[in-house]
Amino acid sequence: MNLASQSGEAGSSQLLFANFNQDDTSLAVGTRSGYKFFSLSSVDKLEQIYECSKAVFDSSKEISWYVHFSAYSSLADTEDVCIVERLFSSSLVAIVSLKAPRKLKVCHFKKGTEICNYSYSNTILAVRLNRQRLIVCLEESLYIHNIRDMKVLHTIRETPPNPSGLCALSISNDNCYLAYPGSATIGEVQVFDTVNLRAANMIPAHDSPLAALAFDASGSKLATASEKGTVIRVFSIPEGQKLFEFRRGMKRCVSICSLAFSMEGLFLSASSNTETVHIFKLETLRERPQEEPTTWTGYFGRALMASTSYLPSQMSDMFNQGRAFATVRLPFSGHKNICALAIIQKIPRLLVAAADGYLYIYNLDPQDGGECTLMKQHKLDGTVDSANEILEAAPHDRPLIAQAYSVAVAKGYSEDQGAVGGAGVEDDMSSLRLDEDNEQPPMTLETD
């Protein structure tokens with residue numbers, strides 16, 4: 001959720017960016033003064049695990065930097081952070097600031113060192129990471145880096161205008177696909193194989209331009225939504241076959257803010273600029289239990305569904321569209337937000353980080369669905385809200401059944417790829433373990 005261009009957003013004026021990491025175990029927050037990482041292992045506490053921020057002491061009028069777990073100045077010059085992306089639970093972080101919107105810094109935050117930096121021809125709109133690739137999205141081009149040495153492997157040039165930086169990268173090593181808009185006027189999705197560096201498919205997903213994209217954890221499914229916002233579709237990847245179609249609503253068009261799969265791929269959430277978040281269950285008709293109707297309306301509904309084969313295709317599609325399995329009623333509307341479906345303390349939860357400066361945590365009943373219960377809300381700046389009391393657990397709280405950098409980054413300008421590569425820190429390459437998800441910096445240090 002990038003708020004750098006949302007000058008009219010109410011609430012937290014310091015908040016510029018918020019996003020969940022690839023497996024929804026931590027939350028990254030970018031602000032005017034720096035950035036923070038929070039652990040998502042508990043409902044009743046938003047535990048801060050790292051902070052890089054600037055504090056001004058009025059008494060002495062001197063500026064002091066607080067860089068937690070680090071005494072290095074290479075990270076201390078970061079403020080106005082409009083993009084901060086962490087690789088799973090490792091120490092690798094990609095940073096973009098408003099002061100240098102064309103420059104990407106890749107850092108080892110545990111050691112407080114900068115690994116490398118790259119400059120691009122235009123403003124960086126989005127950065128995506130997995131254990132093989134780092135993607136930098138500009139308005140009309142995409143850069144694909146090898147995350148092992150940060151070299152530019154491929155550049156996709158002259159893409160359709162994409163001012164919002166809409167793109168999605170699968171977190172799977174086996175299905176390492178990139179999705180981005182294939183048109184600025186209709187909802188075509190271009191799917192690109194980032195391992196073999198070739199186009200995989202073009203999916204005609206919607207009639208209207210795209211508004212949101214999301215891969216599931218396996219990289220075998222892609223969810224899409226258009227600017228109209230009434231229908232959510234799920235396609236197989238790379239084939240592009242439509243697997244599911246869900247109707248978010250019929251009364252009004254909305255702006256879809258985010259789509260997110262649960263890690264096991266059973267649920268899909270869709271949030272918008274309204275107060276309602278919809279959660280859909282990805283089950284086929286054959287998987288749904290067949291219940292015998294007991295009322296005349298039930299018999300009428302079954303007869304109506306049986307007659308859809310005789311209806312015009314548009315009406316038949318509408319009757320066959322899935323409806324929300326569960327819903328969330330947010331305490332606001334009109335704010336940009338981003339959602340995640342995560343397992344916290346063995347219970348499925350919906351997490352909503354919003355431009356009003358709060359993280360909302362809801363319980364999801366995986367068996368019965370329905371309206372989700374608000375369990376806790378936390379301030380995204382890490383401070384404690386005295387009015388925030390944890391709610392009593394609902395009776396339906398049910399658990400859901402269910403290598404290292406080895407070479408220095410090349411310096412200099414690449415004529416073929418069009419990115420300027422900055423200096424790399426060779427000593428940190430061997431200490432950054434991309435495959436470890438348990439690196440948690442153990443201390444807090446202060447530097448002047």
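**Close-up 1. A charge over a ring: R131 and F88.** In this predicted model, R131 places its charged end over the ring of F88. The distance to the ring centre is 3.8 Å.

**Close-up 2. R86 and its contacts with F37 and S90.** R86 belongs to strand β6, which spans residues 81-86. R86 lies over the face of F37. The distance from R86 to the ring centre is 5.5 Å. The side chain of R86 also reaches the backbone oxygen of S90, at 3.0 Å. R86 has a relative accessible area of 2%. The cut-off for buried is under 20%, so R86 is buried.

**Close-up 3. An aromatic cluster with Y35, F37, Y50 and F109.** Ring pairs link these four residues. The count of aromatic pairs comes to 12. Y50 lies in strand β4 (residues 47-56). F109 lies in the loop between β8 (100-108) and β9 (113-119). The pair therefore ties together parts that are 59 residues apart in sequence. Are Y50 and F109 buried or exposed? Both are buried.

**Close-up 4. A second tilted ring pair: F332 and Y360.** The ring centres of F332 and Y360 are 5.7 Å apart. Their planes are at 40°, so the pair counts as tilted. Where do the two residues lie? F332 is in the loop between β25 (326-329) and β26 (337-344). Y360 is in strand β28, residues 358-363. The pair therefore joins parts that are 28 residues apart in sequence. F332 has a relative accessible area of 10% and is buried. Y360 is at 3% relative accessibility and also counts as buried.

**Close-up 5. An open sheet of five strands.** The strand order is β22-β23-β24-β25-β29. The pairing is mixed. Which strands form the edges? They are β22 (256-261) and β29 (370-371). Each edge strand pairs on one side only.

**Close-up 6. Strands β23 and β24 within the sheet.** Strand β23 covers residues 267-272, and strand β24 covers residues 276-281. The two run antiparallel. How many bridges join them? There are four.

Notes. Residues numbered from 1 in each chain as written. Predicted model: local features only at pLDDT ≥ 70, side-chain atom pairs only at ≥ 80, totals over all residues. Heavy atoms only, no water. Phe/Tyr/Trp six-rings, centres within 6.5 Å; stacked < 30°, edge-to-face > 60°. Buried < 20%, exposed > 50% of the residue type's maximum accessible area, 1.4 Å probe, protein only. Lys NZ or Arg CZ within 6 Å of the ring centre and 35° of its normal. Polar contact = N/O pair within 3.5 Å; in protein donor to acceptor, adjacent residues only side chain to side chain. Pairing = 2+ DSSP bridges.
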